[in-house]
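Thanks for asking me to look this one over. My notes are below as numbered points, to be read with the model open beside you.

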Amino acid sequence: MSSPRSTVILGTGSYAPARVLTNAELALTIDTSDEWIRTRSGILERHIAAPGEQASDMAVHAAQRAIADAKLTLADIDLLIVATITPDLPMPATACIIQHKLGLSTATACFDLNAACSGFIYALDTACAMIGSGRYRHALVIGVEKLSAIVDWSDRTTCVLFGDGAGAAVIGASDQPNIGLIGTKLGAYGDCVDMLFIPGGGSNAPATTASLVNRDHFIKMKGKEVFKYAVRGMEEAARDILEQHSIPANQIALVIPHQANLRIIEAIAQYLELPMERFFVNLDRYGNTSAASIPIALDEARRSGRIKSGDLTLLVAFGAGLTYGSALLRW
Ligand code: ACO
């Protein structure tokens, strides 16, 4: 197979569990208020997986919608990359579980990728490189999170921010030049691991009775510090990609940022000197769904007509690691 030309998003899909948890409901169980959450983060509600509903189940719904949107069948997919920090199991990869539940061929290459909230952009870049090599035909890239399973519901500084959901995209090759993925910028501040992490349960600190008592298996976050790095990382990722391709920010029709905090998105808008109308925002309804955040937003943006043929779209994210990334796409 010769090396294909452009790598394009052929279809998208998303899924959120039916259960909606409002700020007002949270205020019944922890010392918080709708007003605090709304003004500090912009979040009004989030979706929470049903008992027994696994990350892989949510991913399957999003994937089916993306494959249908791409007008392809399961037989067309030969690569599956799943970005997640909430795999069904520590081992094996959730991608293998999804392959089976979805009914993909056993000849489909399957792996998970952990770049937290930047995970979808990392996975998109990886998929495009693998498709661009000509060795794979169609990739299914999924960002899925069941963060409700790893947040400490007694910690008001974190639990109000997160939600569950899944988003997916199907990637293929195109003969048409200058469309699809134009470029990416990925990076990480590896010296900031302890700003946002789960201390227990890994090989460094396997589960013990003490680790359970210490609640070490839940997300720990230094919110203020993460906020500063989030703005810095997303600005850097946005600036670098635009400079690399000599594209002025005002040519971007729509920015799809990671949906963590409205104030972070407003800071990026100010930095890029773009009006907020150029930013897709749905965190009010989902909260922060980590790796699922950008593909859910991308799917909603496409389906609501916010992305038109020829448009330039900028995806930009940051997350635990602390990772950051951007991707520039022409439709
Ligand atoms: N309800 C009421 N009060 C609260 C709550 C709450 N849910 N949470 C914290 N507070 C209190 C604090 O205890 C503090 O009280 P104190 O002054 O008496 O100590 C006060 O509110 C102010 O807290 P701040 O930390 O100053 O609030 P801030 O304005 O920084 O907002 C927030 C906090 C929303 C966490 C912000 O820092 C933030 O968004 N940070 C980035 C976090 C983020 O995006 N993380 C996701 C990373 S993505 C990933 O990889 C998973």
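1. In which loop is Pro92 found? This is a predicted model, and in it Pro92 belongs to the loop between β4 (79–83) and α4 (94–102). While you are there, have a look at the bond between Met91 and Pro92: this peptide bond is cis, with omega about 0°.

2. There is another cis peptide bond to inspect, running from Gly321 to Leu322, with omega near -10°. Leu322 has its place in the loop between β12 and β13 (323–330).

3. Please also check the backbone at Lys71. Its phi is near 55°, a positive value in a residue other than glycine. Lys71 sits in the loop between α3 (55–69) and β4.

4. Now to the ligand. The space it takes is the largest pocket. Domain 1 (6–177) and domain 2 (181–330) both give residues to the shell around the ligand, so the ligand lies between them.

5. Which elements build that shell? At least two residues each come from α2 (34–41), α6 (156–159), α8 (223–244), α9 (262–272) and β12 (312–319). The largest share belongs to α8, with 4 residues.

6. In composition, the shell around the ligand has 14 nonpolar, 7 polar and 5 charged residues. There are 26 residues around the ligand, and those that come nearest are Thr32, Cys117, Lys224, Asn261 and Ala320.

7. Arg40 brings a polar side-chain atom to 3.0 Å from an oxygen atom of the ligand. From Arg156, a backbone N or O atom lies 2.8 Å from a ligand nitrogen atom. At Gly223, a polar backbone atom is 2.9 Å from a nitrogen atom of the ligand. As for cover, the ligand on its own has 1000 Å² of accessible area, and the protein covers 75% of this.

Conventions: Residues numbered from 1 in each chain as written. Predicted model: local features only at pLDDT ≥ 70, side-chain atom pairs only at ≥ 80, totals over all residues. Heavy atoms only, no water. Near = heavy atom within 4 Å. Polar contact = N/O pair within 3.5 Å; in protein donor to acceptor, adjacent residues only side chain to side chain. Areas by Shrake-Rupley, 256 points an atom, 1.4 Å probe, with all protein chains shown as cover. 1 Å grid on protein atoms, 1.4 Å probe; cavity = no way out; pocket = protein on both sides within 12 Å on 5 of 7 lines; lining within 4 Å. Sits in = over half its atoms within 2 Å of the grid points. Nonpolar A, V, L, I, M, F, W, Y, C, P; charged D, E, K, R; others polar. Domains from an automatic or database assignment.
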